[in-house]
Amino acid sequence: MTETLGASPSSDDSGRGFGLALEPFADTAEEAFFFPADQHLRALEFMGHTLWTRGRLGVVTAEHGCGKSYLIRRLLKSVDERVIAAAVQHEHNGPREFLLDILRQFGFTLDDDDKSDRRRLLERFIAHHAGNGRLCLLIVENAQSMHPSVLEELRFLAALKVDGSRAALKILLLGQPSLNLVLGSPRMAELLDPNVSRFSLGPLSEDQTAAYVAHRLRAAGVPDADALMPHTLMPRIHVCSGGVPAHINRLCERSLAWAARQGQTQVTEAVLDSAIEELGWQHRLRLPGVRAAGTDEAEASGGTLPVSEAWAGAARTASEAKLLITMQGVPGREVALGADRLLVGRGEDADVRIDSVFVSRYHALIVRDKEQDLLLDLGSTNGLLVNSRRILRRVLRHRDLIQVGPARVIYHNEKASAEVGLDPGETVCFARPGFPLAAGEDCDTSLLAFGRLDTSG
């Protein structure tokens, strides 16, 4: 480290020091701060699928800090008056406390020492609303800590029927991966059938981490996110945080606080190291494959410059449009966009070949049209992500981050930054290949796209 650690700066400094009215990395339910990572959109779709199909139970597991609670808040905001929901945080409660918490969430006003038959009250409440065409939903957070006696109450609730066959109560269980061990116990055999739906919410990738940080900064009012927290820091932020949003928030918050306290206009590598040391995460930088600060990067990468240096070189020689392509375990490369069209895919005839089972043979096409580079998805299986949004069509802008399977592609064209305005024909796709079918569906994807129809030709 090149700076001496002094007193730890206050977290309040993280926004105030840069003239921001909002804290970029605070725990907030503000809509503008929601980052639509692919796995989070799929988790929301999974929970909606559980809610509106015949299944009675859905299970979502993720490491602490991956955003389960935030997804619950978004789900509850999206439902209408047909759904009556109770969301309880299970904190080692006994069975009577568990039922009381549910009743209170459903609107009952009961004292702790009330002697009412809580099971019977819940049964009558759920049956009444089911008979009136409403759906009762129970969401249990931290379900991995359920006591065996609470499992009995949960099994009772899950067994409630309407019309003799239909489940009267929908249940979503959310917890850490150890929840799968709880659900695999013999006590849960009556609750779980072999076809129970489960979803594992993973952490953010390195590309998603970079897009997430930029998104949060822009939502807080930062005009140039890269100028405040350079993209060259993102590999270290990703490694130290593990891609867990809560850890990313914590590290970025401390980094901004350190930068503000030292009067710097951006987060430098030294500032980031100060935050990492304050949090006690230095050991994570010593994981295999992670370069320590100050090493000779060309030597560390076997003579091939890493993406940060490749980007710097491209910025210095900004001439024509080019792609900077990196993929773990493969040397980085640079591809000039000189031809009228450039094919990206796994096939041997692709102009940009990405050898991965997650990339289609003909995955995407870049077409030069009137000095603009137009990116098109060619019906690929796993889709294209541009700045963490799934794209079918987009006029590329300078520093767009494109993810093609495991490959990270940065579009470099300084002219596009000045000349390309908003693309009215941009088409965003929220499609989820391989997602379980909802009742009545005959297609394994759902599609929501927006743009405009070009009728000029």
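Start by selecting Asn-142 in this predicted model: Asn-142 is partly exposed, with a relative accessible area of 21%. To place Asn-142, look at the loop between strand 3 (135–141) and helix 6 (148–158). Now check its backbone: phi of Asn-142 is near 55°, a positive value in a residue other than glycine. Most residues other than glycine have a negative phi.

Next, jump to Arg-399, in the loop between strand 15 (389–395) and strand 16 (401–404). Arg-399 is not a glycine, yet it has a positive phi of about 70°. Arg-399 is partly exposed, with 37% relative accessible area.

Now for the aromatic rings. How many aromatic pairs does a search of the whole structure find? The search finds 5 of them. A pair of aromatic rings is described by the distance of the centres and the angle of the planes, so keep both in mind as you turn the view.

Select Phe-35 and Tyr-212 together. Their rings form an edge-to-face pair, 5.6 Å centre to centre and with 85° between the planes. Phe-35 lies in the loop between helix 1 (13–16) and helix 2 (38–52), while Tyr-212 belongs to helix 8 (residues 206–219), so this pair ties together parts that are 177 residues apart in sequence.

Move on to Phe-106 and Phe-125. This aromatic pair is tilted, with 4.9 Å from centre to centre and 35° between the planes. Phe-106 is in the loop between helix 4 (95–105) and helix 5 (118–131), and Phe-125 is in helix 5, 19 residues apart, so the pair links distant parts of the chain. Both Phe-106 and Phe-125 are buried.

Two last stops bring a charge and a ring together. Show the side chains of Arg-74 and Phe-34: the charged end of Arg-74 sits over the Phe-34 ring, 3.8 Å from its centre. Then show Arg-119 with Phe-156. Here the charged end of Arg-119 sits over the ring of Phe-156, 4.4 Å from the ring centre.

Key:
Residues are numbered from 1 along each chain as its sequence is written. This is a predicted model: local features need pLDDT of at least 70, side-chain atom pairs count only at pLDDT 80 or more; totals for chains, interfaces and linings use all residues. Side-chain values use heavy atoms; hydrogens and water are left out. Helices (H or I, at least four residues) and strands (E, at least two) are DSSP runs, numbered from the N terminus. Buried means under 20% relative accessible area, exposed over 50%, partly exposed in between (1.4 Å probe, protein chains only). Rings of Phe, Tyr and Trp (its six-membered ring) pair if their centres lie within 6.5 Å; planes under 30 degrees apart count as stacked, over 60 as edge-to-face and the rest as tilted. A charge sits over a ring if NZ of Lys or CZ of Arg is within 6 Å of the ring centre and within 35 degrees of the ring normal.
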